[in-house]
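Subject: Structure handover

Hello,

Here is the structure for your files. My notes on what was found follow below it.

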Amino acid sequence: MRTTRASDWEDMLREHFVALSVSDIEDRLGFTGAVRSSELAHLKVSTVQSTEQRIARSGSLARADRADYLQIGRIRRGRAVVTQDDRECVLDHDDFVLYDTSRPFDWRIDGHPDDGSWVLEVFTWPRSSLSFTEAEIHDLTATAFDGRAGASGLVGRFLHDIVTSRIASDAGAGNAIVDEVGDLVTAVLRAVGRPVGAPRSSTYRAAITMIDESLGDPSLSPSVIASALGISTRHLHRVFAEQDTTVSRVIRVRRLEHCRRDLAQSTTTDRSLGQISRRWGFADPSLFSRTFKSEYGMSPRQYRATTATP
């Protein structure tokens, strides 16, 4: 999609992303804007091109449409200054940044000196498909990652390859690839991101390890974890509250994500929904179905149908 009318640009961005406001477009007579998007499983991949401007998501816009995504923006041409969570970072060629659509953010983008245009690659994940805690998200937003060198450079090149390559001709393979990309993004950003928030305690790390090793046990609960770690349940809840989450939510989200991955894999088509849900600790099939739909917007059966290989 392309437009030469600045008045249409906000609508185009809203259609491809979330509700945004655009300002500071210097030359309205020479304005141009284009967005090209495609979807690979639950990852939306977009290339955006335009001229110097400011793109912002205010608190009122975030509250109005309640779009709950995590996005990575990678600057391919031009330069950008990104602000979120009281932090600001500068992006030069190939750098990328994580930002959260559920809260206000601001992009001020300058075009290349040769022609005044910029190009941005945007990768949009449903929040629940990346395993960051709320505290981690707050720590990582508006932090510039070097898209050319080191571990973050590996992520940057991998993301760019998704834009330029045609991959995954079937839904099952697409889901597997997107899950691997999400795991890589999560691991690298955790490893190289700036530690702004409270450090994760040894108790938190031990609890997460126990959760990951015991997801298939339907009796897994805060009290069971606390007892195994030799601490009170109250103290365990306080440790997770410091990370802006709860023990129960971490257990639920991790169980759901494993179920979602199993549903998307062609190697598990012979397993019933009940077998998959029980494998990951859901003893009640109806509760699993309701919880899955609440998290992903469709029932497990519908999700399996949408990701099934033709």
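On helix H7, the exposed residues Ser227 and Ala228 sit on the face turned away from the buried side of the helix. Please keep in mind that this is a predicted model.

The helix runs over residues 222–229, and its buried residues are Pro222, Ile225 and Ala226. These three lie on the same side of H7, because the arc they cover around the axis is only 100°.

After H7 comes Gly230, with a positive phi near 75°.

How many cavities of 30 Å³ or more does the structure hold? There is one. The volume of the largest cavity is about 140 Å³. Its lining is made up of 14 residues, and those closest to the cavity centre are Phe17, Leu20, Ile55, Tyr99 and Leu120.

By residue class, the lining of the largest cavity has 13 nonpolar residues and one polar residue, with no charged residue among them. Two strands, S10 (105–110) and S11 (117–126), each contribute at least two residues to this lining.

Regards

Methods. Residues are numbered from 1 along each chain as its sequence is written. This is a predicted model: local features need pLDDT of at least 70, side-chain atom pairs count only at pLDDT 80 or more; totals for chains, interfaces and linings use all residues. Side-chain values use heavy atoms; hydrogens and water are left out. Buried means under 20% relative accessible area, exposed over 50%, partly exposed in between (1.4 Å probe, protein chains only). Helices (H or I, at least four residues) and strands (E, at least two) are DSSP runs, numbered from the N terminus. The arc is that of the directions from the helix axis to the C-beta atoms. On a 1 Å grid over the protein atoms alone, a cavity is a set of points where a 1.4 Å probe fits but cannot get out, and a pocket is an open set with protein on both sides within 12 Å along at least five of seven lines; lining residues have an atom within 4 Å of a point. Grid points are joined across faces, edges and corners, and a volume is the space filled by probe spheres set on the points. Ala, Val, Leu, Ile, Met, Phe, Trp, Tyr, Cys and Pro count as nonpolar, Asp, Glu, Lys and Arg as charged, and the others, Gly among them, as polar.
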